[in-house]
Amino acid sequence: MSYIDELGKKAKTASKQSAVLSETQKNDILSEIASMLENSKEEIKAANALDIQAAKSNNMAAAMVDRLTLTDARIDGMAEGVRQVAALADPVGRILGGGTLANGLTVIKKSVPLGVAGIIFESRPNVTIDAGCLCLKAGNTVILRGGSDAINSNKCLVGIMRTAAEKHGVNPDIVQLVEDTSREIASELMKANDYLDVLIPRGGGGLINAVIKNATVPVIQTGEGNCHVYVDRFADIDMAVNIVDNAKTQRPSVCNAIENVLVHKNIAEGFLQRLAEKWNGKVAFVGDEASAAYITLEKIADDEDYRKEFLDLKIAVKIVDDIDEAIAHINRFGTGHSECIVTEYLKNAEKFQREIDAAAVYVNASTRFTDGFEFGLGAEIGISTQKLHVRGPMGLEALTTFKYLINGNGQIRG
């Protein structure tokens, strides 16, 4: 029996218990996890320090090291996130619809867990807790496969969740970690149709594309965020500078940070010079030849630059003739994640929101708000950039499906 077969069989067995846990049982486990996170900070940081040391030895980019790092504040944030999940309504067992048919049959549509979820993600240990706890609250079991960069952190965090489950008499295999981080084992997980009901990748374009290309398990595509801000000719420049600054620099290594700024030609000089002054060399620019007249470019941008998710303090710039060119550019290069227009002209705002094909389309606000907590959904499993079966921040409801319950009194079909 292979390693993935072993994990899969355990997950299937545990799913029979997780699917019927009461809301109280699930919340008790979640509360235990939150408390254990707060009381295990030194242990968590010690494990995380091993990963950080290895990352720096491997010359990992600073922004990526930031994604990997767990501080006291971030651990407290993880614990608070777990408590917020516990406070959310149980998504399982809700009546979604139904009624009585003409033949007397009653048909009820009821929410149920997905079953066994696989989550493949990169160097963000907080995803380990988010994914494990969301799957638990939705009645699922989960097999987590994080990147090798965070293996020590992930072992520690998964150990906490498993211990919390055991303390409350629940099979700890409701949460399992793939400790072999080789590509071969990842490929095997992508093809574990006998065990997984869904596979959710969280990370950059390379990871997501590899999963889409190789998986035979149903996949929900998440994460890749080539996001844009379009600064319209009718924009308030002060507002535009602040929004672009926040969307790029507040946390550049996450998927809802922007990678591109498009600027209407009529205000390009004033806006770009103000933006360059604001950043004062903190952010590197690549851009088209027109923008080179106003700011210092690292290079002239090509299609690959406009398509790339930098996840760093780097941004691609393009000056456009009008809103139609901006929309066409975004729909060509965007990943369907989050897009923004800064404008004071209502017709352009409405046009942008109508014609941009993305999960979240903003007017005069930073794309950094595309987040389960910010949208009032609680913790998220990721941001879906596809249209089936969920789009945008994936909260608890996205981790359930439904079944029909039909009751009769002897009806047969003629």
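User: In this predicted model, what counts as a contact?

Analyst: The model is predicted. Two residues touch when heavy atoms of each come close enough. For a contact, that means within 4.5 Å.

User: Which residues does Thr 128 touch, leaving out those up to four places away in sequence?

Analyst: Thr 128 is found in helix α6, residues 125–137. Neighbors up to four places away in sequence are not counted. The residues touched by Thr 128 are Phe 121, Leu 144, Asn 154, Leu 157, Val 158 and Met 161.

User: Is Thr 128 buried or exposed?

Analyst: Buried means under 20% relative accessible area. Thr 128 has 0% relative accessibility, so Thr 128 counts as buried.

User: How do the axes of α10 and α11 lie: parallel, perpendicular or oblique?

Analyst: Two packed helices are described by the angle between their axes and the distance between the axes. The axes of α10 (residues 237–249) and α11 (residues 268–279) come within 10 Å and cross at roughly 50 degrees. That makes α10, relative to α11, oblique.

User: Is the crossing of α10 and α11 left-handed or right-handed, and how do the residues of the contact divide?

Analyst: α10 passes α11 in a right-handed crossing. On the α10 side, the residues in contact include Ile 237, Val 241 and Lys 248. On the α11 side, Phe 271, Arg 274 and Trp 279 are among them. The residues of this contact of α10 with α11 divide into seven nonpolar, three polar and five charged.

User: How do α13 and α14 lie: parallel or perpendicular?

Analyst: The axes of α13 (residues 323–333) and α14 (residues 346–355) come within 11 Å. They cross at roughly 25 degrees. Angles under 35 degrees count as roughly parallel. α13 and α14 are therefore roughly parallel.

User: Which residues of α14 meet α13?

Analyst: α13 passes α14 in a right-handed crossing. From α13, the residues are Ile 323, Asp 324, Ile 327, Ile 330 and Asn 331. The contact of α13 with α14 divides into four nonpolar, two polar and three charged residues. The α14 residues are Asn 348, Lys 351, Phe 352 and Glu 355.

User: Which cysteine sulfur is nearest to that of Cys 255?

Analyst: Cys 255 is in no disulfide. Cys 255 has 16% relative accessibility, so Cys 255 counts as buried. The nearest cysteine sulfur is 6.9 Å away and belongs to Cys 227.

User: What is the phi of Asn 280?

Analyst: Most residues other than glycine have a negative phi. Asn 280 lies in the loop between α11 and β9 (284–287). Asn 280 counts as exposed, at 69% relative accessibility. Its phi is positive, near 50 degrees.

User: What is the phi of Asn 364?

Analyst: Asn 364 sits in the loop between β13 (360–363) and β14. Asn 364 is partly exposed, with a relative accessible area of 26%. Asn 364 is not a glycine, yet has a positive phi of about 55 degrees.

Methods
Residues are numbered from 1 along each chain as its sequence is written. This is a predicted model: local features need pLDDT of at least 70, side-chain atom pairs count only at pLDDT 80 or more; totals for chains, interfaces and linings use all residues. Side-chain values use heavy atoms; hydrogens and water are left out. Axes are lines fitted to C-alpha atoms, for helices over the stretch in contact, and angles run from 0 to 180 degrees between N-to-C directions. Helices (H or I, at least four residues) and strands (E, at least two) are DSSP runs, numbered from the N terminus. Angles under 35 degrees count as roughly parallel, over 145 as roughly antiparallel, 65 to 115 as roughly perpendicular and the rest as oblique. A crossing is left-handed if the near helix is turned anticlockwise from the far one by less than a right angle, and right-handed if clockwise. Ala, Val, Leu, Ile, Met, Phe, Trp, Tyr, Cys and Pro count as nonpolar, Asp, Glu, Lys and Arg as charged, and the others, Gly among them, as polar. A disulfide is a pair of cysteine sulfur atoms within 2.5 Å. Buried means under 20% relative accessible area, exposed over 50%, partly exposed in between (1.4 Å probe, protein chains only).
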